[in-house]
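Subject: Handing over the structure

Hi,

Here is the structure I promised to pass on to you. Have a look at it first, and then read on for what I found.

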Amino acid sequence: MSGNPIIEIRELTKFYRRNDEPAIKSVSLDIFPSEIFGLLGPNGAGKTTTISILCGLFAPTRGTVTIDGLDIRHNLDEIKSIIGVVPQDLALYPTLTALENLTFFGNMYGMRGSELKDRIHKCLEEFGLEKVARKQINSYSGGMKRRVNLIAGLLHKPKILFLDEPTVGIDVQSRIFILDYLNAINETGTTIIYTSHYMEEAENLCTRVAIMDRGNIIALGKPKELVKERSEFTNLENIFLHLTGKSLRD
Amino acid sequence: MFKFLSGFRKEARILLRDKAGLTILFVMPMVLIIIMSLLQEFGYSAVSRETTLKVLFLDKDQDTLGIQIGKGLRKSNFFEVIDSLNGKPLTEKGIREAVKKGDYLIGIVIPEKVTRSIRANVRLQVAKTLAGFGLYNPMLISTIPMGDADTVTVYFDPTVKKTFKNSILSAIKEYNYKVETEMVFRTFNQEMAKVFPNFTPPKQEYKDMVVFKEIFPSYKEKEEIPDSAQHNVPAWSVFAMFFIIIPFTSSMMIEREEGSLLRLQCMPVSFMKLLMSKVCVYLIVCFVQTTLMMLTGMYLLPLFHAVPLALGHQILALVVVTIVIALAALGFGLMVGTIATTHQQAASFGAVSIIIMAALGGLFVPMYLMTDTMKFVAGLSPLNWALTGYYDIFLRGSGLVEVFPSIFKLLLFFIISIAISFFYRTLKNPLNK
């Protein structure tokens, strides 16, 4: 990887209250501009905690995080303006229409007037939702909701987009559409940090992945290189299972 | 500012689209006002009401005391005196059984010859007094033994409250004292006439020396007697306003549980600004709700033959107090919604805490009936400050200056609640602003 990292994580540690074990143990990581970076791991590995800290939802217990040269402890508002977040849950207001939801979230990013209006219409059109824009979200199918959920995170054209399992529970068509769209915005320079349990999806989409387990990064690299380095495994899923084991996680 | 306005629009839209929720928010408090006012109006108040409370009355005396008590009960407009059951004259056993079964709340038995006994005792007392002046009547003193006190028996249903019981007993005692006093004067005059043949007793032997006038002092020049609507409507308006914390915290918890809060926390917007937009929407709801409750008191209550609410002349004070009560309620809701971790926790804690604060605040039991300790505790309830503010306006005709203590306390409560919510959030995540 060349150039300065857009995200620098150094010795990041996070303890939750009443937990003796840290959720993240002294993790250091660089993510570079225009990467699609996959954060993979079984349940409880620490990936959601890592992303939550990067988005400013939790304060780190120890360590530093710099995003686009801004320190997360001191420049959170500036950081929030350049990141987009697509949570795993459908973070939308069900009784509002797609248009109303997106207008509200756009306003929260400081967008307004024709700039916002045009952007919403463009996104709705691209995502095939322009005809249902004035319908309440609770009348949408799961795939449609996922698409609106995604639009809400990238309305303001963020430099960095965080996606937490964006393709969970949707049909193949919607999934392919979302992945294609992510590739397309990545080509325009958006850095994408993505978590998923779908190894095949991550292998195809991500430029680099980190496999986390029990708060540590246990593998880091390009998916193809990771597979190549371990010739006994044919794909990322096999490596993942080899590294994290087959025992069930809580 | 436009982020705040956008939050306000979003919140208002969500609320307006919840038709069932709106019905509950606006119609239920109106129903509450009507029911509670009618219960109070026709259940306890003696004002402008037909005789409703049936009292079994057995007068075995058939003389002055029995007649006076019976007459007094009938004249009070509060009791319907019943002296026979199923066409048969009452008996003491019958009264006891009827009250025991709960068919009647009160039964009064005036014992046989009680007036005769009082009269004899009075004559003896008078004779003893006259003997002190050398007007000794040996026959009177030697032939009349000093009798024991007679017993008027009053049967009460166990559900009758102590205060009500005391007022009944006080009324009976009052009739008794009056009868005794009249007898003292009469006997005294009779004995004096025997000793001094030229003595002519006055035509009116006894008359009340003191009469009682009820005055409700207020800041208004014109004296007005507060009616039950002026007691009930403000009290239940305060209760309903504080109960708004249930839908308010519910809206906060839904936002948290459905994930939109998480998204908002990742956006460059002050969380408190968003919460304030929510507070503003619910402030309007509170205001509309209270206005509807006042209008219910003014125009709907009279349709049920209840006294209509008179708003009075302190409209500005009324508006300001309503706004600060709503702010206090919403501040409390904000605090509960911030600290609670689940929807159920917020809803149950919110509801129970409001009922406790209402009980402590004098909404269910008037403060003057509380012990000193409880009065002190009641003074700590925001619902008490709210109620005091309204009562000052409705019952005492107070203006803004006079209700300032209530306004100040409620505003302070709002500010403290907001501060606690803010610090709690910062404590949970030092990155929060």
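In chain A, residues 24 or more positions apart make up 69% of the contacts with a separation of 6 or more; a contact here means two C-beta atoms, placed from the backbone, that lie within 7 Å. Chain B has 77% of its contacts between residues at least 24 apart, counted among pairs at least 6 apart in sequence.

Before you go further, please note that this is a predicted model, in which local features need pLDDT of at least 70 and side-chain atom pairs count only at pLDDT 80 or more, while totals for chains, interfaces and linings use all residues. Residues are numbered from 1 along each chain as its sequence is written, and chains are lettered from A and ligands numbered from 1 in the order in which they are written.

Chain A

Chain A contains nine helices and ten strands (DSSP runs, numbered from the N terminus: H or I of at least four residues for helices, E of at least two for strands). Its radius of gyration is 18 Å, close to the 18 Å that the globule rule gives for 250 residues, so chain A is as compact as a globular protein of that length. That radius is taken over C-alpha atoms, and the rule is 2.2 Å times the number of residues to the power 0.38. Along the principal axes, the C-alpha atoms of chain A fill a box of roughly 50 × 40 × 40 Å. Of its 250 residues, 44% count as buried, that is, with 20 or more other C-beta atoms within 10 Å of their own C-beta, placed from the backbone (12 or fewer would be exposed, and in between partly exposed).

One open sheet in chain A has four strands in the order β2-β1-β4-β5, with antiparallel pairing; strands pair if DSSP finds at least two bridges between them. At the edges stand β2 (24-31) and β5 (70-71) of chain A, each with a single partner strand, so one side of each has no neighbour in the sheet. Strand β1 (residues 7-14) of chain A pairs with β4 (residues 62-67) of chain A over five antiparallel bridges. Within that pairing, A:I7 is opposite A:I67, and A:R10 is opposite A:T64. On β2(A), A:D30 is the bridge partner of A:E8.

Helix α1(A) packs on this sheet and touches β1, β2 and β4 of chain A, its direction making about 120° with that of β1(A). Axes are lines fitted to C-alpha atoms, for helices over the stretch in contact, and angles run from 0 to 180 degrees between N-to-C directions. Eight of the eight residues of α1 (residues 47-54) of chain A are buried, so this helix is largely enclosed by the rest of the structure. After α1(A) comes A:G56, with a positive phi near 85°.

Chain B and the cores

Chain B has 16 helices and six strands, and 35% of its 433 residues count as buried. An automatic or database assignment divides chain B into domain 1 (2-45 + 227-428) and domain 2 (53-195). The C-alpha centres of these two domains of chain B are 51 Å apart.

The largest nonpolar core has 139 residues, and those with the most contacts inside it include A:F162, B:V238 and B:A328. Such a core is a set of buried Ala, Val, Leu, Ile, Met, Phe, Trp, Tyr and Cys residues joined through C-beta atoms within 7 Å. Helix α12 (residues 315-339) of chain B gives the most to this core, with 14 residues. Beyond its neighbours within four places in sequence, B:A328 is in contact with residues including B:P382, B:L410 and B:F414. A second, separate core has 24 residues, among them B:L56 and B:M183.

Best wishes
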